[in-house]
Amino acid sequence: MHLKLLLVVLILTFVRANDDVEKLFREYKIIPDMLDTAPKDFLKIEYPGNLLVGMGKEFTPTQTKDEPHLVWVADPNEFYTIYMGNPDAPFVNESYWSEWLHWLVVNVPGLEVNKGEIICPYMGPLASKISGIMRYAFLVYKQPKKLTFNEPHLNNTNADPHKMFHIKEFGEKYQLGEPIAGNVYRSQWDEFVKVLHKQLNITIDDN
């Protein structure tokens with residue numbers, strides 16, 4: 001009897017979490033702007049200083065300038081793809097650079113992101129003063145196996161390769177299926193953005 005009750009509680013918890021993730025992704029229009037289907041689980045995103053982000057809340061570029069630690073329900077024997085993108089670049093009302101690629105690591109064994117293949121190293125939020133409050137979506141995909149990704153490897157010194165990336169098309173290309181975990185936060189300009197814009201040679205007005 002107790003085992004059946006525990007099973008029911010676990011099922012209800014799973015369904016509720018799934019509904020909450022979908023609600024978040026629809027509320028902030030990640031569906032349909034980036035995806036058709038919500039991830040099943042929430043992704044835990046923790047920046048240095050024990051800063052937990054997500055749930056559509058707002059955080060500054062200074063707070064999120066360094067690569068975060070990610071946690072999801074992972075199998076150490078499986079491989080994963082992690083992604084961070086911005087559907088609002090360069091301006092919330094004129095997102096002709098959407099999606100801006102901020103981070104892409106593939107062939108991640110279990111939770112060991114540092115052992116994955118870096119296609120795009122982490123770059124934090126970089127909204128200009130006139131961009132508005134931008135959305136940043138994090139997604140995790142479970143790969144069918146360790147894959148060969150025929151993609152250029154980016155560096156963070158040139159803006160152009162970051163523009164107009166589409167995670168949905170990337171997932172279809174490599175048959176990744178739907179994302180298994182995800183989260184969303186928002187960010188707008190602060191002084192640290194000047195550092196990133198100089199690094200990328202972006203000339204949007206930050207004065």
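Helices (H or I, at least four residues) and strands (E, at least two) are DSSP runs, numbered from the N terminus.

The structure before you is a predicted model, in which local features need pLDDT of at least 70, side-chain atom pairs count only at pLDDT 80 or more, and totals for chains, interfaces and linings use all residues. Residues are numbered from 1 along each chain as its sequence is written, and side-chain values use heavy atoms, with hydrogens and water left out.

The chain holds four helices and nine strands, in the order α-α-β-β-β-β-β-β-β-β-α-β-α from the N terminus. Of its 207 residues, 48% are buried, that is, under 20% relative accessible area with a 1.4 Å probe, protein chains only.

I turn now to the interior. A nonpolar core is a set of buried Ala, Val, Leu, Ile, Met, Phe, Trp, Tyr and Cys residues joined through side-chain atoms within 4.5 Å. The largest has 27 residues, and Phe25, Leu35, Tyr83, Leu104, Ile167 and Phe170 touch the most other members. Elements giving two or more residues to this core include α1 (2–27), β6 (100–109) and α3 (167–173). A second, separate core of 24 residues includes Ile45, Met84, Val108 and Ala127.

Finally, helix α4, residues 193–200, has Val193, Leu196, His197 and Leu200 buried. These residues line one face of the helix, because they fall within an arc of 95 degrees seen down the axis of α4, the arc being that of the directions from the helix axis to the C-beta atoms. The buried residues of α4 pack against β6. Just after α4, asparagine 201 adopts a positive phi of about 60 degrees.

Methods. Buried means under 20% relative accessible area, exposed over 50%, partly exposed in between (1.4 Å probe, protein chains only). Contact means heavy atoms within 4.5 Å.
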